[in-house]
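This briefing is intended for a reader who has the sequence and the coordinates at hand.

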Amino acid sequence: TGVLALAAMALPVLAQSPQRPCTQAVYLTFDTGHMGVSPLIAQVLQRQQVKVTFFAAQEKTQQGDGTLGQHWAPWWKARAAEGHAFASHTWDHAYWRADLDGPGDVRFRIRPSAGQQAGQNLLWSAPQYCDNLHQAARRLQALTGQTPLPLFRAPGGKTSARLLETARQCGFAHVGWADAGFLGDELPSERYSNAHLLQKALKNIRPGDILMAHLGIWSRQDPWAPAVLEPLIVGLKARGLCFATLREHPQYRDWVRQQPLQLTQRKPPTAP
């Protein structure tokens, strides 16, 4: 890991030419995490002139009052000024566990990993789930000064057809990731070394892939980003690939243009 980190410091900047359109794009995305590596990630993205999409929830952090708290407000504002894109990851990092059949409204079993009800198995109506999506988006808008994309990523990528339809009805299309785009930063480092993850990604990623990593993972002992992120970006550029936000992704760009988020303040959800 030390060798990889030293190599990253000496990597060249292979910039995307503003005169050349990005025709072999990959779409690097980051979900929130403990934020411990977020300053480094921001430095790499700025140095390599790469734009990404951030999916944000209000998660516990190593420093400050949560990923979308006031402590990190300057960080989000700076990323917006650099031209990155933003989208909801649910406010409470709320995992879908199951659809529940029954009379009346659509309901889901949800287990948040953040917030006051973290670790509890909850029963949410469709409006409650939508409120949680909108709460993260509203906070992102307040922090960045721009309207987030009408997209979301469910924590863990866990969804159902019913959940996806519920989200679309309140303005959000779901974004997963390509198999090769699972960058492995949440895998145990004793079994998946940074060198292995980097080699695998450079070999398997193809144009059009959505890539996914985090702004810090609590469980990984040997952090991924300091060793892998910049060599990965440089290596993909050397293969002729370029980077774009999900605004330009062919699967989502029409939705983004035609379905701008309507972020009006809503009443707090009531218990089911």
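**Briefing on the predicted model**

H93 is buried, as its relative accessible area is 8%. The residue belongs to the loop between β3 and β4, and the structure discussed here is a predicted model. The chain contains eight helices and 10 strands, and buried residues make up 50% of its 272 residues. Of the contacts in the chain with a separation of 6 or more, 76% are accounted for by residues 24 or more positions apart.

- Most residues other than glycine have a negative phi.
- H93 has a phi near 45°, a positive value in a residue other than glycine.
- T90 also has a positive phi, of about 70°, although T90 is not a glycine.
- T90 is located in the loop between β3 (85-88) and β4 (94-100).
- The relative accessible area of T90 is 0%, so T90 counts as buried.

**P112 and its surroundings**

- P112 is part of strand β5, which covers residues 107-112.
- The C-alpha atom of P112 is separated by 5.5 Å from that of H93, with the two residues 19 residues apart along the chain.
- P112 is buried because its relative accessible area is 3%, under the 20% limit for that class.
- Not counting residues up to four places away in sequence, P112 touches D92, H93, A94 and Y95, and also Q117, A118, G119, Q120 and L122.

**Packing of helices α3 and α4**

- Helix α3 (residues 73-81) packs against helix α4 (residues 126-144) at an angle of about 75°, and their axes are 8 Å apart.
- The two helices are therefore roughly perpendicular to each other, since angles of 65 to 115 degrees fall in that class.
- On the α3 side the contact involves A73, W76, K77 and A80, which meet L140, L143 and T144 of α4.
- The residues of this contact comprise five nonpolar, one polar and one charged.

**Aromatic rings and charges over rings**

- A pair of aromatic rings is described by the distance of the centres and the angle of the planes.
- The count of aromatic pairs comes to 10.
- F54 and W75 form an edge-to-face pair, with 5.5 Å from centre to centre and 75° between the planes.
- This pair links distant parts of the chain: F54 is in strand β2 (residues 53-56) and W75 is in helix α3, 21 residues apart.
- Both partners fall under the 20% limit for buried residues: F54 is buried at 0% relative accessibility, and W75 is buried at 10%.
- Ring pairs join F30, F54, W75, W76 and F86 into a cluster.
- The ring of W75 also has the charged end of R79 over it, 4.9 Å from the ring centre.
- The charged end of K60 sits over the ring of W218, at 5.4 Å from its centre.

- V52 is placed in the loop between α2 (38-48) and β2.
- With a relative accessible area of 0%, V52 is buried.
- V52 and G83 are 31 residues apart in sequence, and their C-alpha atoms are 8.5 Å apart in space.
- Beyond residues up to four places away in sequence, V52 touches L28, F30, L45, H84, A85 and T245; F30 is also one of the residues in the ring cluster.

- Q46 lies in helix α2.
- Q46 counts as exposed because its relative accessibility is 53%, over the 50% limit for that class.
- The C-alpha atoms of Q46 and R79 are separated by 9.2 Å, while the residues are 33 residues apart along the chain.
- Q62 is found in the loop between β2 and α3.
- Q62 and G216 are 154 residues apart in sequence and 9.3 Å apart in space, C-alpha to C-alpha.

Note on methods:
Residues numbered from 1 in each chain as written. Predicted model: local features only at pLDDT ≥ 70, side-chain atom pairs only at ≥ 80, totals over all residues. Heavy atoms only, no water. Axes fitted to C-alpha atoms, helices over the stretch in contact; angles between N-to-C directions. Helix = DSSP H or I, 4+ residues; strand = E, 2+ residues; numbered from the N terminus. Parallel < 35°, antiparallel > 145°, perpendicular 65-115°, else oblique. Contact = heavy atoms within 4.5 Å. Nonpolar A, V, L, I, M, F, W, Y, C, P; charged D, E, K, R; others polar. Phe/Tyr/Trp six-rings, centres within 6.5 Å; stacked < 30°, edge-to-face > 60°. Buried < 20%, exposed > 50% of the residue type's maximum accessible area, 1.4 Å probe, protein only. Lys NZ or Arg CZ within 6 Å of the ring centre and 35° of its normal.
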